[in-house]
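Subject: Structure for your review

Dear colleague,

Please find below the structure that I am handing over to you. My findings follow it.

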Amino acid sequence: MADTQFVTATNVNQNQVMDTVTENKKNAGKRKTDKQGYSKEMYLSWYELMLRIRRFEERALMMYGQQKIRGFCHVYIGQEAVAAGIESAIRREDAIVTAYRQHGTALGRGCSSRECMAELFGKATGIVKGKGGSMHFFSSEHRYFGGNGIVGAQIPIGTGIAFAEKYKGTDNLCVTMFGDGAARQGALHESFNMAMNWKLPVLYIVENNGYAMGTSVKRTSNVVELYKMGASYDIPSEPVDGMNPEAVHEAVSRAAEYIRAGNGPYFLEIRTYRYKGHSVSDPAKYRTKEEVQEYQERDPVKITEKMILDNKVASEAEIKAIQDKVKEEILEAVKFAEESPYPDPAELWNDNYTQADYPYIRD
Ligand SMILES: Cc1ncc(C[n+]2csc(CCOP(=O)(O)OP(=O)(O)O)c2C)c(N)n1
Ligand SMILES: [Mg+2]
């Protein structure tokens, strides 16, 4: 199943973890994707979720082109294995908070395609009543805390959610995700330090897709292997192949086990790639076609489908049934969004945070 060494001991010591880090690094990119290590249900659920995210966003881009969706829109296409591998390795009660490239994470949490699509359309039936749009899905029912537009702002928020879980005595953890661009924010360092000092149940995940808007990781810092940043706080950290749901699942599983045992935070650098530009308005001229192609050859949806078929995990008919189901679901979601009403203008006054006794300065 895995060609990496697992860290499963509850009181694993730091040297062991750092040995594992070195091992993983040596093995990164060497993982075999042609061997079956998990159940049929697992492979099919990874495939279905990744396909749902892919088809959802392809359709959203089409609707954007028709101006049915407006405003900011950052798609996750290429990064789907990250959402799939995280979800299969954690529990529904665990919390997740992430940045603005977040449609896939919300769908992974189980938020419905129709509510998410309606949100993109700005409709009252959207997941946050049409008031958030592409960057701001949220669902406390799904333990999904958004959707944050300020780069890195969710890092202290996720740390705070983890603090709340520890304070309340649950054994839930908070997966706190951010991009490589956010890894340079000061808030990350304050959060890492506090989480480690207080042994908070937080799994930090940087989705390193190589770019922050048009700026490559290489141009930002000498430290391009982002997982190494955890070492300054003694947080166990490792790099992960983010183009393969199996690798993500394995890394998140051992991290979650370590955290749930009360050891404090864990940090994963999941290496991935976005095929599209930063947002719909970015032609992505700062990188070569060859670079994009290289990653498309490792496409997580395609490699998972190939793996399933080559190993006869499921039949072509079963794969086709999933494809048809997802296609129908997304078309239905668009229809639902189109037919839904816009929010009543009076809704502007609802769901705003107010504090009755806040000392406003008044004339
Ligand atoms: C504090 C702050 N600074 C700058 C921006 C403008 N901005 C929006 S996205 C972005 C790049 C972030 O890149 P990364 O964290 O790698 O995420 P990715 O888009 O690759 O998923 C920047 C600089 C912002 N939203 N917030
Ligand atoms: Mg990035």
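Two strands pair if DSSP finds at least two bridges between them. Helices (H or I, at least four residues) and strands (E, at least two) are DSSP runs, numbered from the N terminus. The model is a predicted one, in which local features need pLDDT of at least 70 and side-chain atom pairs count only at pLDDT 80 or more, while totals for chains, interfaces and linings use all residues. Residues are numbered from 1 along each chain as its sequence is written, and chains are lettered from A and ligands numbered from 1 in the order in which they are written.

Confidence is given as pLDDT, the predictor's confidence in each residue, from 0 to 100. The chain has an average pLDDT of 91, and 90% of the residues score at least 70. Over residues 1-32 the pLDDT remains under 50, and the model has 39 contacts beyond four places in sequence for them; two residues are in contact if their C-beta atoms, placed from the backbone, lie within 7 Å.

Strand 3 pairs in the parallel sense with strand 2 (residues 174-179) over 6 bridges. In this pairing, Phe-178 has Val-206 of strand 3 as its bridge partner. From strand 2 the chain crosses through helix 7 (residues 186-197) to strand 3, in a right-handed β-α-β crossover (with the strands pointing away from the viewer, the path from the first strand over the helix to the second runs clockwise). Strand 3 is also joined to strand 7 (residues 266-271) by 6 bridges, and these two run parallel. Here Leu-203 stands opposite Tyr-266 in strand 7.

Two residues other than glycine deserve mention for a positive phi. Lys-199, with phi near 50 degrees, is in the loop between helix 7 and strand 3. Lys-199 is partly exposed because 14 other C-beta atoms lie within 10 Å. Met-213, with phi near 55 degrees, is in the loop between strand 4 (211-212) and strand 5 (215-216). Met-213 has 13 C-beta neighbours inside 10 Å and therefore counts as partly exposed.

Yours sincerely

Technical notes. A residue is buried if 20 or more other C-beta atoms lie within 10 Å of its own, exposed if 12 or fewer, and partly exposed in between; C-beta atoms are placed from the backbone.
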